[in-house]
Amino acid sequence: MFSKSKINEPGPKADDASAPKPAMPESSRPAPSEFKASAPKAKPAASVLSSDLHITGNLKTTGDINVEGTVEGDIRAHLLTVGETATVKGEVIADDVVVNGRVVGRVRGLKVRLTATARVEGDIIHKTIAIESGAHFEGSVQRQDDPLNGGKTKPVAAASPAPAASNG
């Protein structure tokens, strides 16, 4: 009834044993690149400054900020959303700026959007801009290819006539 089987004998079998061997190591251990692709860093949620919060000072992040309260200071972010109840008094610099509330100060952004409830008192420097009907805006609008770096406008041209006038 019991006999010695060929399962325990050493030595290669026919095609049955050779086919699974290459497949098993590949499927049992994923390539290192699969770990990187399957587990990217999750984008953190936007920081929310609630309506009862009053901040005096500058804010700087590479992430997103949603302001519902009051900020007296400059804000730099990736995406800045100024809520309907919010007031920002200072310069705003972001890749994307959406203003639903009030901003008193300069706005710099690649994409700037003033919604119908927006109230902006200050200059806007942008690459693209959208102003909805009903938005209140007092200031100037200037388009720049790189509005985030804020290069000063023609300081060399203003300085060059002065030495020429004093020499002549």
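Is arginine 143 buried, partly exposed or exposed, and what is its relative accessible area? Arginine 143 is partly exposed, with a relative accessible area of 48%. The points below take up this residue again with the rest of the chain.

1. Basis. This is a predicted model, in which local features need pLDDT of at least 70 and side-chain atom pairs count only at pLDDT 80 or more, while totals for chains, interfaces and linings use all residues. Residues are numbered from 1 along each chain as its sequence is written, and side-chain values use heavy atoms, with hydrogens and water left out.

2. Overall content. The protein chain has five helices and 14 strands; helices (H or I, at least four residues) and strands (E, at least two) are DSSP runs, numbered from the N terminus. Of the 168 residues, 26% are buried. Here buried means under 20% relative accessible area, exposed over 50%, and partly exposed in between (1.4 Å probe, protein chains only). The accessible surface comes to about 11500 Å², and carbon and sulfur atoms hold 55% of that surface. Accessible areas come from the Shrake-Rupley method with a 1.4 Å probe; for residues, only the protein chains shown count as cover.

3. Contact range. Among contacts between residues at least 6 apart in sequence, 6% join residues at least 24 apart. Contact means heavy atoms within 4.5 Å.

4. Strand pairing. Strand 8 and strand 10 pair in the parallel sense over seven bridges, and strand 10 pairs with strand 12, also in the parallel sense and over seven bridges. Two strands pair if DSSP finds at least two bridges between them. Valine 97 stands opposite valine 112 of strand 10, and arginine 108 has isoleucine 125 in strand 12 as its bridge partner.

5. Salt bridges. The count comes to five, a salt bridge being a side-chain nitrogen of Lys or Arg within 4 Å of a carboxyl oxygen of Asp or Glu. Side chains of opposite charge can pair when their charged atoms come close. Glutamate 91 is partly exposed at 22% relative accessible area, whereas arginine 108 is buried at 5%. Glu91, Arg106 and Arg108 are linked in a network of salt bridges.

6. A second pair on strand 10. Glutamate 132 and arginine 113 meet in a salt bridge of 3.1 Å, N to O. The two residues are 19 apart and link distant parts of the chain, with glutamate 132 in the loop between strand 12 (124-131) and strand 13 (136-138) and arginine 113 in strand 10. Glutamate 132 is partly exposed at 32%, and arginine 113 is partly exposed at 38%.

7. Arginine 143 and its surroundings. The side chain of arginine 143 meets that of aspartate 145 in a salt bridge of 2.8 Å, N to O. Aspartate 145 counts as exposed, because its relative accessibility is 55%. Glutamine 144 lies in the loop between strand 14 (141-143) and helix 4 (155-159) and counts as buried, at 15%. Leaving aside neighbours within four places in sequence, glutamine 144 is in contact with Arg108, Ile125, His126 and Lys127.

8. Nonpolar core. In soluble globular proteins, nonpolar side chains tend to be buried together. A nonpolar core is a set of buried Ala, Val, Leu, Ile, Met, Phe, Trp, Tyr and Cys residues joined through side-chain atoms within 4.5 Å. The largest such core has 22 residues, of which Val67, Leu80, Val99 and Val103 touch the most other members. Strand 4 (64-67), strand 6 (75-82), strand 8 and strand 10 are the elements that give two or more residues to this core. Beyond four places in sequence, the contacts of valine 67 include Leu49, Ile75, Leu80 and Val88.

9. Threonine 87. This residue is in strand 7 and is buried, at 16% relative accessibility. Not counting residues up to four places away in sequence, threonine 87 touches Gly69, Thr70, Val71 and Arg102.

10. Nonpolar surface. Ile129, Ile131 and Val141 make a nonpolar surface patch of about 220 Å². Patches are made of residues with over 30% relative accessible area and no salt bridge; like charges are joined within 9 Å, and nonpolar side chains (Val, Leu, Ile, Met, Phe, Trp, Tyr) within 5 Å. Isoleucine 129 lies in strand 12 and is partly exposed, at 31%.
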